[in-house]
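The sequence and structure are shown first.

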Amino acid sequence: EPRLLKIFEGVRRFVSRKFPRLGSVTLYFDCPEIIEFRRRNQGYLGERALMHAAHKPGKICTLRWAAGLSDTTLCACFLHEFGHFGNRLAEPAANAWVLENFGIKIEYRGPLDLEYMDPRIARRVLARHSSSVSSPS
């Protein structure tokens with residue numbers, strides 16, 4: 001959980017430089033709704049299976065075992081969830097918000113059908129010394 005929190009905090013710091021109101025978003029672990037969703041949809045690992053946003057005001061919900069995902073995948077997932085706070089629309093709209101505001105393209109890849117982004121950009125987002133949120137590449 002410390003690693004998951006560290007990556008969340010890095011992404012929150014990144015998005016809140018441009019959108020200060022997002023600096024108050026917090027992380028909620030082991031959300032009962034995600035656990036129930038996974039119980040009802042066994043084997044499904046795509047959207048809403050590991051994280052979701054705004055069902056609890058000002059919170060991104062996740063499961064602790066998501067910490068086993070790569071830094072790049074977690075960064076993309078958290079950016080996507082922050083996109084819901086920025087746009088509050090459907091799944092593609094959250095990614096569109098991230099692209100429009102930060103120039104970061106998020107796509108779905110791999111056997112888990114999870115968010116993906118360029119690892120070089122993820123490293124920059126997570127770096128404390130990131131010089132500009134408007135040009136992350």
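## Charges over rings

Lys56 lies over the face of Tyr28, at 4.8 Å from the ring centre, where a charge is taken to sit over a ring if NZ of Lys or CZ of Arg is within 6 Å of the ring centre and within 35 degrees of the ring normal. Lys18 is likewise placed over the face of Phe102, at a distance of 5.6 Å from the ring centre.

This is a predicted model, in which local features need pLDDT of at least 70 and side-chain atom pairs count only at pLDDT 80 or more, whereas totals for chains, interfaces and linings use all residues. Residues are numbered from 1 along each chain as its sequence is written, and side-chain values use heavy atoms, with hydrogens and water left out.

## Aromatic pairs

A pair of aromatic rings is described by the distance of the centres and the angle of the planes. The structure holds 6 aromatic pairs; rings of Phe, Tyr and Trp (its six-membered ring) pair if their centres lie within 6.5 Å, and planes under 30 degrees apart count as stacked, over 60 as edge-to-face and the rest as tilted. The pair of Phe8 and Phe82 is stacked, because the ring centres are 5.8 Å apart and the planes stand at 20°. This pair links distant parts of the chain, with Phe8 in helix α1 (residues 2-18) and Phe82 in helix α3, 74 residues apart; helices (H or I, at least four residues) and strands (E, at least two) are DSSP runs numbered from the N terminus. Both Phe8 and Phe82 are buried, a term that means under 20% relative accessible area, with exposed over 50% and partly exposed in between (1.4 Å probe, protein chains only).

Phe14 and Phe102 form a tilted aromatic pair, with 5.1 Å from centre to centre and 40° between the planes. Here too distant parts of the chain are linked, since Phe14 belongs to helix α1 and Phe102 to helix α4 (residues 91-102), 88 residues apart. Both Phe14 and Phe102 are buried, and together with Phe19 and Trp97 they form one aromatic cluster.

## Packing of α3 and α5

How do helix α3 and helix α5 pack? Helix α3 (residues 71-87) and helix α5 (residues 119-126) meet at an angle of about 70°, with their axes 9 Å apart, which makes α3 roughly perpendicular to α5. Axes are lines fitted to C-alpha atoms, for helices over the stretch in contact, and angles run from 0 to 180 degrees between N-to-C directions; those under 35 degrees count as roughly parallel, over 145 as roughly antiparallel, 65 to 115 as roughly perpendicular and the rest as oblique.

Asp71, Thr72 and Cys75 of α3 make the contact with Pro119, Ala122, Val125 and Leu126 of α5, contact meaning heavy atoms within 4.5 Å. By class, this contact has 5 nonpolar, 1 polar and 1 charged residues.

## Two buried residues

Ser16 is found in helix α1 and counts as buried because its relative accessibility is 18%. Residues up to four places away in sequence aside, Ser16 touches Leu22 and Gly23, and its C-alpha atom is separated by 9.8 Å from that of Phe82, 66 residues apart along the chain.

His52, in strand β2 (residues 51-53), is buried with a relative accessible area of 2%. Apart from neighbours within four places in sequence, His52 is in contact with Cys31, Glu33, Ile34, Lys59, Ile60, Cys61 and Glu81.

## The chain as a whole

The protein chain has 5 helices and 5 strands, which follow the pattern α-β-α-β-β-α-α-β-β-α along the sequence. Of its 137 residues, 47% are buried.

Methods
Ala, Val, Leu, Ile, Met, Phe, Trp, Tyr, Cys and Pro count as nonpolar, Asp, Glu, Lys and Arg as charged, and the others, Gly among them, as polar.
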